[in-house]
Amino acid sequence: MWIEGEVVGRVDWNDKLFSLKIRADVQPFIAGQFIKLSQVMGDKRVGRAYSIVNSPGGDIIEVLAVSVEDGQLSPNLQQLKVGDKLDVSPKASGFMTLEEIPNTSFEGKQLWLLATGTAVGPFISMLETDEPWNRFETVVLVYGVRLAEDLAYKEQLLQLERRYPNQFKLVFSVTREDLPEAIQTRISIGIQSGEIQKLVGVEITAQDSQVMLCGNPDMISDTNKILLDMGLAKNLRRAPGQITVEKYW
């Protein structure tokens with residue numbers, strides 16, 4: 001089942017990376033969930049899942065996407081203009097939400113959000129709600145990209161840093177060029193070496209940390225292994241832990 005959506009805004013971050021704002025009568029969603037977008041091409045319907053970037057409330061859905069050269073849908077989405085129509089799933093899905101993070105009783109608890117590329121989207125949605133700031137004493141976002149031009153929503157994240165100066169720790173990781181305000185280290189390597197923890201002044205421990213990983217499979221696999229070696233455990237409904245994961249392809 002699909003409903004009609006209308007593009008009401010767009011941002012082009014670079015020649016491949018873009019955001020679409022879509023007005024659609026979707027059911028209420030939870031920050032961190034994804035929506036499916038679809039088009040009919042010839043006699044075939046093509047649908048893909050995209051995380052929602054904006055926080056819940058209202059009838060606007062914002063997604064961050066990258067146009068893949070041989071992609072079946074993303075090049076078409078990149079061509080959409082304000083006023084164009086597309087199909088949207090009426091209900092969001094996914095368990096990459098703060099509701100899935102166990103409630104803990106320890107003091108000094110921290111939330112670590114580790115993202116690469118467009119996978120920063122669900123974390124932005126969470127950060128624009130009250131929940132992380134009410135639940136955790138420290139919130140760390142590590143956002144990894146290849147080039148500086150790939151840092152979507154950079155100014156919005158800097159505004160959050162200014163809004164929560166004592167609570168929010170923001171780290172940009174740009175691996176293929178030198179950027180003064182970013183480290184040039186892969187997330188997994190930065191966590192393993194302790195460079196990132198030292199930079200933000202916060203340690204990752206099984207006692208005090210919840211870690212959410214979202215992004216490319218290599219980053220997730222490598223970082224997950226490092227976290228397991230540090231004594232953290234995967235968060236499961238039947239066995240609450242400290243590591244929550246969502247792969248992006």
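Predicted model: local features only at pLDDT ≥ 70, side-chain atom pairs only at ≥ 80, totals over all residues.
Glu-155 falls in the partly exposed class because its relative accessibility is 43%.

## Salt bridges between separate parts of the chain

Side chains of opposite charge can pair when their charged atoms come close. The number of salt bridges in the model comes to 10. One of them joins the side chains of Arg-23 and Asp-59, with an N to O distance of 3.5 Å. Arg-23 belongs to strand 2 (residues 17-23), while Asp-59 sits in the loop between strand 4 (44-51) and strand 5 (60-66), so the bridge ties together parts that are 36 residues apart in sequence. Both partners have intermediate accessibility values: Arg-23 is partly exposed at 40% relative accessible area, and Asp-59 is partly exposed at 39%.

A salt bridge also connects Glu-128 with Arg-163, where the closest N and O atoms are 3.5 Å apart. This pair links distant parts of the chain, 35 residues apart: Glu-128 lies in the loop between helix 2 (121-127) and helix 3 (131-135), and Arg-163 lies in helix 4 (residues 154-163). Glu-128 counts as partly exposed because its relative accessibility is 26%. Arg-163 is likewise partly exposed, with a relative accessible area of 45%.

## Negative patch on the surface

Which residues gather in a patch of negative charge on the surface? The patch consists of Asp-15, Glu-149, Glu-177 and Asp-178. Glu-177 is located in the loop between strand 9 (168-174) and strand 10 (182-183). With a relative accessibility of 30%, Glu-177 counts as partly exposed, since that class covers values between the buried limit of under 20% and the exposed limit of over 50%.

## Annotated domain

The unreviewed UniProt entry places the feature "domain: FAD-binding FR-type" at residues 1-99. In the model, this span is 5% helix and 44% strand.

Notes:
Residues numbered from 1 in each chain as written. Heavy atoms only, no water. Patch = residues over 30% accessible without salt bridge, like charges linked within 9 Å, V, L, I, M, F, W, Y side chains within 5 Å. Areas by Shrake-Rupley, 256 points an atom, 1.4 Å probe, with all protein chains shown as cover. Salt bridge = Lys/Arg side-chain N within 4 Å of Asp/Glu carboxyl O. Lys, Arg positive; Asp, Glu negative; His and termini not counted. Charge placed at Lys NZ, Arg CZ, Asp CG, Glu CD. Helix = DSSP H or I, 4+ residues; strand = E, 2+ residues; numbered from the N terminus. Buried < 20%, exposed > 50% of the residue type's maximum accessible area, 1.4 Å probe, protein only. UniProt positions renumbered as here; feature names shortened; annotations may be inferred.
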